[in-house]
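Look at the model first, then read on.

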Amino acid sequence: MTTVFRNFIAGEFVSPAKAAPNLNPSNTTEVVGEYAQGTVEDLNAAVAAAKEAFPAWSRSNPQLRYDVLMKASNEVMARKEELGALLSREEGKTLPEGIGEVARAGQILSFFAAEALRLNGELVNSIRPGVGIEITREAVGVIGMITPWNFPIAIPCWKIAPALAYGNTVVIKPADLVPGSTWALVDILNRAGLPKGVLNLVMGRGSVVGQAMLEHPDVHAISFTGSVSTGRRIAAACVAANPMKKVQLEMGGKNPLVVLDDADLAVAVECAANGAFFSTGQRCTASSRLIVTDGIHDKFVDALTERLKGLVVDDALKSGTHIGPVVDQSQLDQDEKYIAIGRDEGAKLHWGGERLNRDNPGFFLQPALFTGVANTMRIAREEIFGPVAAVIRAKGYDEALAIANDTEFGLSAGICTTSLKYSSHFKRNAEAGMVMVNLPTAGVDYHVPFGGRKGSSYGPREQGAYAREFYTTVKTAYTLA
Ligand code: NAD
């Protein structure tokens, strides 16, 4: 009999009414595991447990929170090859990328272990004689978390770790396509010594478990990462349920990489190949718009095309694979739909975009590079979330910057240039939460804030010490001594 990975509620793994298979996108005949499909009752039980656990956990000794998170970090690091393989099997990113993501989760856990000890306040002189003022931060309460499929362990980790470090309790619903990595993370944190009810996992459908979480009156805050359309629905549902609920939304991108005439060609090609196509282009920070100035345009397109020809698209676990499969049939359909839209709009499919057959049945797609793209076309405006990039020609820096900013999104923006003048100007004027100079638009550090502006993000930043903005609430206490 296949093992069913169960939900974790109030410190127990509970047998589900229903389970669903988690399929390997590199080989759809392989079932990674059977995972529980939670119900509204499961969600309600998880929230009740988190509510009950909150008073003690929020006042717990920070050394305990440090110890749990550090122990979990050590186990994640020690098992990074095994957990990386699980991640690559369920999501489809290559094994080195999967192991790298698990290592990132380990680093995040150790960073926030120490944050539990670093949570300090301020002492301020009052304008009134004899009065002292203390400004402190306290935990918010029960945090509901809803995560996407493209970073199956890093995103749950960068929400759970700060929430726990600052004394909150948690109910998490991972994406239904990739429950395995979150299950493993929750199992590790539980065995690291979390008291019952502090962390609860309810796997299942967004429309069932996720929706019930948004509407639950005892969930004080929702941290969501996913698409813009779901994010907007979530914001509206939270306001309708309780306008006082704290909400943080990290959503999509249509990130520009500007390549100027004076760029180092090799650097620019590497930034574009990595930023647009690694992780199968399934990153919110992927460089899906390559805005290239006239003088370097043809050389850049030729060199990037040569680079793409050398990239191996195959089973995520095979050594030598550069690009794994698309995550599932519906994402593959979306990628192919946009490739057709690009052609219909008059852009030139310069290279790639073909379905590929490999040893096993999987969702393999050759990276697609469009040229002759206008920024008004749908392939330049809408997030595709696959290995599809659009080259847009610009006359010079000013036009390139204007095109880069002409988007409803604002997550990451990059520029390849050897000019201090243009790189400085771009850092100041790019309308994005993160700016990269001579680096891919994707790929960030874990100890600094992550997030965007415009349609990409809503609410305080995630990651680094900035995470405390969302996971704590400020108290100002006055004392007449
Ligand atoms: P999605 O919006 O389809 O789903 C995200 C999560 O929301 C899933 O867990 C899903 O089950 C849940 N959900 C769906 N409907 C719901 C509802 N009615 N109520 C509550 N929850 C619901 O996104 P996805 O396809 O899993 O992920 C891809 C998207 O995530 C892309 O748009 C990508 O750009 C974005 N993303 C953003 C960031 C970032 O930090 N900005 C990082 C990674 C991914």
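Ring pairs join F5, F8, F13, Y35 and W183 into a cluster. Rings of Phe, Tyr and Trp (its six-membered ring) pair if their centres lie within 6.5 Å; planes under 30 degrees apart count as stacked, over 60 as edge-to-face and the rest as tilted. By this rule the count comes to eleven aromatic pairs.

This is a predicted model: local features need pLDDT of at least 70, side-chain atom pairs count only at pLDDT 80 or more, and totals for chains, interfaces and linings use all residues. Residues are numbered from 1 along each chain as its sequence is written, and side-chain values use heavy atoms, with hydrogens and water left out.

**Two ring pairs**

A pair of aromatic rings is described by the distance of the centres and the angle of the planes. Here are two pairs.

| Pair | Centre to centre | Angle between planes | Class |
|---|---|---|---|
| F8 and F13 | 4.7 Å | 50° | tilted |
| F13 and W183 | 5.3 Å | 35° | tilted |

F13 lies in strand β3 (residues 12-14) and W183 in helix α6 (residues 179-191), so the pair ties together parts that are 170 residues apart in sequence. Helices (H or I, at least four residues) and strands (E, at least two) are DSSP runs, numbered from the N terminus.

Which of these rings are buried? Buried means under 20% relative accessible area, exposed over 50%, and partly exposed in between (1.4 Å probe, protein chains only). F8 is buried, at 3%. W183 is buried too, at 16%. F13 is partly exposed, at 23%.

**Two packed helices**

Helix α2 (residues 62-78) and helix α4 (residues 95-118) have axes that come within 8 Å and cross at roughly 165°. That makes α2 roughly antiparallel to α4 (angles over 145 degrees; under 35 is roughly parallel, 65 to 115 roughly perpendicular and the rest oblique). Axes are lines fitted to C-alpha atoms, for helices over the stretch in contact, and angles run from 0 to 180 degrees between N-to-C directions.

Residues of α2, including L69, M70 and V76, meet residues of α4, among them V102, L109 and F112. Contact means heavy atoms within 4.5 Å.

**Helix α7**

In helix α7 (residues 206-215), the buried residues are V209, G210, A212, M213 and L214. They pack against α1 (40-58), β8 (142-146), β9 (169-173), β11 (221-225) and α8 (228-241).
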